[in-house]
Amino acid sequence: MSREEVLAKMIEFAAMAFRKDAAGIKEDTNIAEELGVSSQQRVAMSADIENEFDVMIPVARFGKFITIGDLVDYVMEEM
């Protein structure tokens with residue numbers, strides 16, 4: 001799977017989890033500042049990522065990702 005495909009999925013998951021318009025989410029979108037810090041939403045997004053890519057993201061680690069691109073980089077490394 002290409003980085004662009006992973007990014008597209010990440011944006012889709014973020015839009016669903018944080019109830020945002022996917023068109024407004026980009027690779028450099030700051031997760032905490034622009035999407036939110038709700039742990040419930042982060043857990044939902046983590047579950048989607050784990051199910052789609054078979055990659056584990058510990059909840060404590062998810063909070064350390066600053067941007068959507070950071071999440072993409074992590075998933076690409078772990079796949």
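Reader: Leaving aside neighbours within four places in sequence, which residues is Ser 46 in contact with?

Author: Happy to start there, with one caution: this is a predicted model, where local features need pLDDT of at least 70, side-chain atom pairs count only at pLDDT 80 or more, and totals for chains, interfaces and linings use all residues. Residues are numbered from 1 along each chain as its sequence is written, and side-chain values use heavy atoms, with hydrogens and water left out. Ser 46 has its place in helix H3, a helix being a DSSP run (H or I) of at least four residues, numbered from the N terminus. With contact meaning heavy atoms within 4.5 Å, and neighbours within four places set aside, the partners of Ser 46 are Ile 57 and Phe 62.

Reader: Is Ser 46 buried or exposed?

Author: The cut-offs are these: buried is under 20% relative accessible area, exposed is over 50%, and partly exposed is in between (1.4 Å probe, protein chains only). Ser 46 has 4% relative accessibility, so this residue counts as buried.

Reader: And Glu 4, buried or exposed?

Author: Glu 4 lies in helix H1. Its relative accessible area is 59%, so Glu 4 is exposed.

Reader: Which residues of H1 are buried, and which helices are included in what covers them?

Author: The buried residues of H1 are Val 6, Leu 7, Met 10, Ile 11, Phe 13, Ala 14, Ala 15, Ala 17 and Phe 18. Their cover includes H2, H3 and H5.

Reader: How far apart are the end C-alpha atoms of H1?

Author: The expected span is 1.5 Å times one less than the number of residues. For the 16 residues of H1 that gives 22 Å, and the model agrees, because the end C-alpha atoms are apart by 22 Å.

Reader: Which residues touch the most other members of the largest nonpolar core?

Author: A nonpolar core is a set of buried Ala, Val, Leu, Ile, Met, Phe, Trp, Tyr and Cys residues joined through side-chain atoms within 4.5 Å. The largest one has 24 residues, and those touching the most other members are Met 10, Met 45, Ile 49, Ile 68 and Leu 71.

Reader: Which helix supplies the largest share of this core?

Author: At least two residues each come from H1 (3–18), H2 (31–35), H3 (39–53) and H5 (68–78). The largest share is nine residues, and the helix that gives them is H1.

Reader: What kind of aromatic pair do Phe 62 and Phe 65 form?

Author: Rings of Phe, Tyr and Trp (its six-membered ring) pair if their centres lie within 6.5 Å; planes under 30 degrees apart count as stacked, over 60 as edge-to-face and the rest as tilted. The count by this rule is three aromatic pairs. For Phe 62 and Phe 65, the centres are 6.3 Å apart with 85° between the planes, and the pair is edge-to-face.

Reader: What about Phe 65 and Tyr 74?

Author: Both Phe 65 and Tyr 74 are buried. Their centres are 5.3 Å apart with 55° between the planes, which makes the pair tilted.

Reader: Stepping back, how many helices and strands does the protein chain have?

Author: Read along the sequence, the pattern is α-α-α-α-α. The secondary structure therefore comes to five helices and zero strands.
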